[in-house]
Structures are given as C-alpha cells and as structure tokens.
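These are my notebook entries on one structure. I record what I looked up, entry by entry.

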Amino acid sequence: MRLLILLCSLAISIPASAQEGMTPAKQLLFHLTNQHRAENGLPPLTWDSGLARAAQAHAERMSREGGTGNIQHQYPGEPDLMTRASQAGAHFSTASENIGATTGQLADIDSGWMQSSGHRANILNPQLNAVGIGVVQVQGTIYAVQDFSQTKPTLSRDEIESRAHQVLRERGLKVDPSDAAKQAARNSCNSSNATPEGVVTAMRLGCTDLSLLPDLVLKTAPQAKDHALAVGACTSPQGRESSTTYNVSVLMYSDGH
C-alpha cells in the first residue's frame, strides 16, 4: 500500500467542557497527544468542545478540497484559525493548529506530527492547555486537525469589573467603586453621546489579559494616575463578552470628582 502523509503546522499568539463529538478516531489522537505530553513531563490537555467544532469543520473542508496534496490552514473564503475557533465558541488567548492527511492509518498522522519540529512544538507547548480534534475519512484518505489553545476563563460582567478594579488599584490608580460610577462607565460602552458630565476622557479598551489593563490606561491617558476612574465591562449586542477579548470602558473624571 502506498502511504502518503502531508502535514502542516500553524501557531498564532494571541474552558474545557464535556467531550462533545468524541469519536473513537478523535479519542485515539487525544490519547496519543496526552501520552506524548506525559512522556515529556507536561500536564495533559483538556478537551474543548468549541475547538473540536472548529477542527471538525476544517477537517471536512480539507476533505472537500481534493486530496492530500491540497491541505491548508485557510482556504479561500474561509475565516482564519482565531476567527473559526472564536465563532465555534472557544475562549482563548493563544491558538495553534496541526493539520495532516494520510492514505495509511490514523496513527501515522500522529507519528508524522511528532517527527516534525513545528507540529511537535504545538503538541508539547507548555503554554497550551486545551485541544479539540477533527477527523474525516473519505475514499481511503484520512484528514485530521488538532486545534490547540491556552484557554481563557469566561467571566461574568461583575467578575470582569472586579478584576479590573483590582489590577488598577494594585498599580496605584484611583477607582470609584460606586454603583453610579460603574453604571456610567457601562453606559459609555456603546454610546455615541457626548462625554458624561465631569468626565475629561472616556476610553474603550480591550485586552485578552486583564492584568494588562493598567498599562493600556496609562498609555492612552498618562494623566490617569492623578484622576479618579470609573470602570464598566462592555457586552456584545447579544449580551455576552467577546470570546477572545475583555472589553471595558474607563472614564477619567476631572479633579473635582
């Protein structure tokens, strides 16, 4: 039997849930991946259903594109990895991908990945903690996709605001904790109205790590260290936070506040 294995790896810097859609083929690759990590002293990856949906959709796309010679990370008209993973419901700050195809056995893809420096680096990346896998078999060819991520906790609006208050105070910035200040900041998230009374600067900021918020505030308004601030978490029109970014509104009040 002629064996053909084609592999590509992709890494992009930027909650595990029930093992949705876990088939025996996916289970095998999931097991082998965590076995490799254990052999190298790394913690196991958790299964992420959002990543799995994105990986399965891409594996199906690869199978439709015509054979092992045309496997790609992104086809014309297809979103990139981060967009695909986000749209599938994954919450992350870093994502990477391995893809492969073979006319042999599924384990051959895993073996090829581990013999390729780029794929091996994704599998053994200590910064990654979740994976979703897609597998499709069509006319004797197996297509496989591994989508990895460093998952990001899904926080409620109140939790985002509490964390934002904490990191700002830790940097010595003054935060008004009142409900009125919080609501004013929330209202400014999607408002095109004039700046609220008493506010000299209104900022809309987004970050994948809330610990970076103080740096963003001070970069945008260096004088913020001398003013009281109000912070409110912004939500999407659907009422939930972005999959990859925490969006907040920060109001900087005049000296008399």
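Buried means under 20% relative accessible area, exposed means over 50%, and partly exposed lies in between, with a 1.4 Å probe and protein chains only. I note that this is a predicted model, in which local features need pLDDT of at least 70 and side-chain atom pairs count only at pLDDT 80 or more, while totals for chains, interfaces and linings use all residues. Residues are numbered from 1 along each chain as its sequence is written, and side-chain values use heavy atoms, with hydrogens and water left out.

I found one aromatic pair in the structure. Phenylalanine 30 and tryptophan 47 form this pair, which is edge-to-face, at 5.5 Å centre to centre and 80° between the planes. Rings of Phe, Tyr and Trp (its six-membered ring) pair if their centres lie within 6.5 Å; planes under 30 degrees apart count as stacked, over 60 as edge-to-face and the rest as tilted. Because phenylalanine 30 lies in helix α1 (residues 24–39) and tryptophan 47 in strand β2 (residues 46–47), the pair ties together parts that are 17 residues apart in sequence. Helices (H or I, at least four residues) and strands (E, at least two) are DSSP runs, numbered from the N terminus.

How many disulfides did I count? I counted one disulfide, taking a pair of cysteine sulfur atoms within 2.5 Å as the rule. The disulfide joins cysteine 189 to cysteine 234, with 2.0 Å from S to S. Cysteine 189 lies in the loop between α7 (179–188) and β7 (199–207) and cysteine 234 in the loop between β8 (228–233) and β9 (246–253), so the pair ties together parts that are 45 residues apart in sequence. The torsion about the S-S bond of cysteine 189 and cysteine 234 is about -80°, so the disulfide is left-handed. I found cysteine 189 buried, as is cysteine 234.

I located glutamine 146 in strand β5 (residues 141–151). Is glutamine 146 buried or exposed? Glutamine 146 is buried, and its relative accessible area is 0%. Its side chain and that of threonine 33 are joined by a polar contact of 2.7 Å.  A polar contact is a pair of N or O atoms within 3.5 Å; within protein, one must be able to donate a hydrogen and the other to accept it, and residues adjacent in sequence count only if both atoms are side-chain atoms.
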